[in-house]
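Reader: I am new to this structure and would like a close look at a single part. Please take one chain and describe how it is built and how it meets its neighbour.

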Amino acid sequence: MSPGHRQVIMMTDFVKKTIRPFRALRFLARKPHTIISPHEQHNDIEGEPLPTERYRGIHINDWETCISCGLCARICPCDAIEMVDVEGEQKKRPEVSYGRCCFCGFCEDVCPRDSMHLTSNYVMIDKNSETFTFLPENDLKEFQKEYIVETSQLRYNDKDVKKAEKEPSAKKGGKGKKKK
Amino acid sequence: MKEDTLSDVDTKSENYVPGHTTVQEALGYINAHLPDLKVKLLSSKRGEILVEHSIKGEVLTRLKEEGFDHFAALSCIDMIDDDRIQLVYHVWSYGSKGHILVKTELPRKDPSTDTVYRIYRPAITYEREIKEMFGVDFPGNPRLTQFILEDWEGPPPMLKDFDTEAYAVEHFGIARRDLPSKPPQPKKGGES
Amino acid sequence: MDDFRSTEIIFGPQHPGIHGNFAMRLELEGDMVRRARLVPGYLHRAFEKLMERRTWHQNIALVPRICVPDPDVNEAAYSMAIENIMGLEVPRRGNYIRSIVLELSRLAAHLMGLGGLGGAIGLYTLPMWTNGERDYVLDLFEALTGGRVYHMYTWPGGVRWDMPENWPRKALKVMDHIEAQLPSYYSLFFESKVTDARLKGLAPITTSWAVEHGVTGPNLRATGLEVDLRRDDPYAAYEELDFDVITLKQGDGMARALVRWYEVGQSIRIIRDAIEKMPGGPVIAKTPPPLAFMVPPGDHYAHVESSKGEYGYYVISKGGKYPYRVHVRGPSFTHGIDVLEKMLVNQELADVALITGGLDVCPPDIDR
């Protein structure tokens, strides 16, 4: 091996060992993948907000078109849907238990009148477990508004938090949005 | 794309040559040597052999010699209506890309058949599971120890006459619910 | 004195180095493992029994839970077995979308597996990066199927919905993004001296030993045998798609990791190719509604190439609304018990997690 050759090898070694680690510095400028939920919005690669329209979350059911056929209760693999009598209604209505629901969306697929839908809402907060069994309606009922948090509502910034703290009467829930 | 940096590791690979016997040839070969067997060609790449459980070892040995050297799975099915237990040995050939199902039947009462782990090594774990879940005994298998079910005292749970719901009600005090979709009820008392 | 020479330790299921929910009883002499016994069963949910009491379609919600990192192979294999018994023909577009979903799933699983391997040698940057990139794949799944981890998207007869209009564009963007990251994974993980020292020559296996012991998938390809069910027994749209079967001949830990790294690139290639060749038409064959779905008597063993090895579903129907029996063959059933017990012998304790992670053992499919 000629001395020149050795020098070249030493040079490349030097480059490998000394210079290359500095290339890692560029990662300092890279933004982290993690987001500070709920202060930051979760976006996909094109910057569009998530969850998308197809996301399978909390149910809504249009009582006007629902014919209470009970197919949703029959297809449910987790046995989460039960047809129950409702006061003031002639028909039975599906009641969903979120302790069992696996959000497969088969109830939506099988619905002959297209009344059952899964919204892209998935945040529901309460200490009482009984709240998680309820009758889905087209418009989220008053008591549900207390517990179901519209995902868009979660995306507030610090200014909004301070504002909400000042005005405790601020509206908590939002109107359930339709998927299709 | 970077080159593979492993070139300086010496290769210890022995020469493995996959056999190239097709399913059709293998079935013909089996039929010629053991003419009493029922063989069936399902498609160009799939065949089925029905054997008595006493000679399944012989059949599987021959299949392995023919290049069907990948033991894909050993399935056990409880045929409660016919009062028998079916074992299905799935073998696959890497050379001819064919799949042969070797089906054998055992009586439902005290099922027992010789192990095939000396022919196909992966069978050792499958037999271990089937012993626990279906109660089929495999004399000669050294690893028929407790596998998944710890402290289990009930009957083999994968048998069709094992009532899961009754077991849950009895052991965990779970109340029965009327399911909207009525699943098939397990038969009471498998002896029919 | 012999009695005092060996120590038995129980490794897992709570150990941070264990690859999932199972335990190992290791008999050690000093630092060397002399005997290993695997203890599965921490995740046994009796899926095979549950499936006998649910309708054909209800099971679609159940099967993806068998393998958490790579769930779509379950739905695909189960649906393929049903289609074969019924003689259903999946529309071409449905098959193409299935291939894309399966490849995305493989991609996500390999990224997670590589990250786990990085974690096992103490290189915690890699899992952060790969899981960050995996999140983009999960976003794609969410936009396509409505679920992030369990998709319940493949359905007997095709897939449940067509792609949204802007989805292919997004998918290509994510593919470009992941492909741009691959060289940095290489220089971070495979060019690292620690990886070299830890993985090179780690628990090498030969092809004949691997075939004998039922090793499948990337672990078998790492020994030099060119097998891939996507090519050997084509399903979905793989017959028409362009990809290479990656093989390396060393059969050691490094080869097993590298095969996975190369396969990420191949998955990207398949997805691009499928999006480019995507035919029009329906995505699902005309089938009876889910509640009136009957499968004629018959049996079929359908197998797919998962990120971990051969995944097989042996479905037996006796006619009617419910399967008579479904047997699931997971790749880890052989990798995780018998193969691992043999491979761990005479290895150092520090390498146990690395060998397990290198084989990509996924305990849920041992237990089911």
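Author: Along its sequence, chain B runs α-β-β-α-β-β-β-α-α, which gives four helices and five strands; helices (H or I, at least four residues) and strands (E, at least two) are DSSP runs, numbered from the N terminus. The model is predicted, so local features need pLDDT of at least 70 and side-chain atom pairs pLDDT 80 or more, while totals for chains, interfaces and linings use all residues. Residues are numbered from 1 along each chain as its sequence is written, chains are lettered from A in the order in which they are written, and side-chain values use heavy atoms, without hydrogens and water.

Chain B has 192 residues, and 51% of them count as buried (under 20% relative accessible area, 1.4 Å probe, protein chains only). Of the contacts in chain B with a separation of 6 or more, 53% join residues 24 or more positions apart; contact means heavy atoms within 4.5 Å.

Chain B meets chain C through 65 residues of chain B and 62 residues of chain C. Between them about 5400 Å² is buried, 56% of it from carbon and sulfur atoms; buried area is the accessible area (1.4 Å probe) that two parts lose on being put together, summed over both. On the side of chain C, Lys49(C), Arg53(C) and Phe333(C) lose the most area to chain B, together 13% of what that side buries.

Six salt bridges cross this interface (a side-chain nitrogen of Lys or Arg within 4 Å of a carboxyl oxygen of Asp or Glu). One of them pairs Asp232(C) with Lys97(B), at 3.8 Å from N to O.

Methods
Buried means under 20% relative accessible area, exposed over 50%, partly exposed in between (1.4 Å probe, protein chains only).
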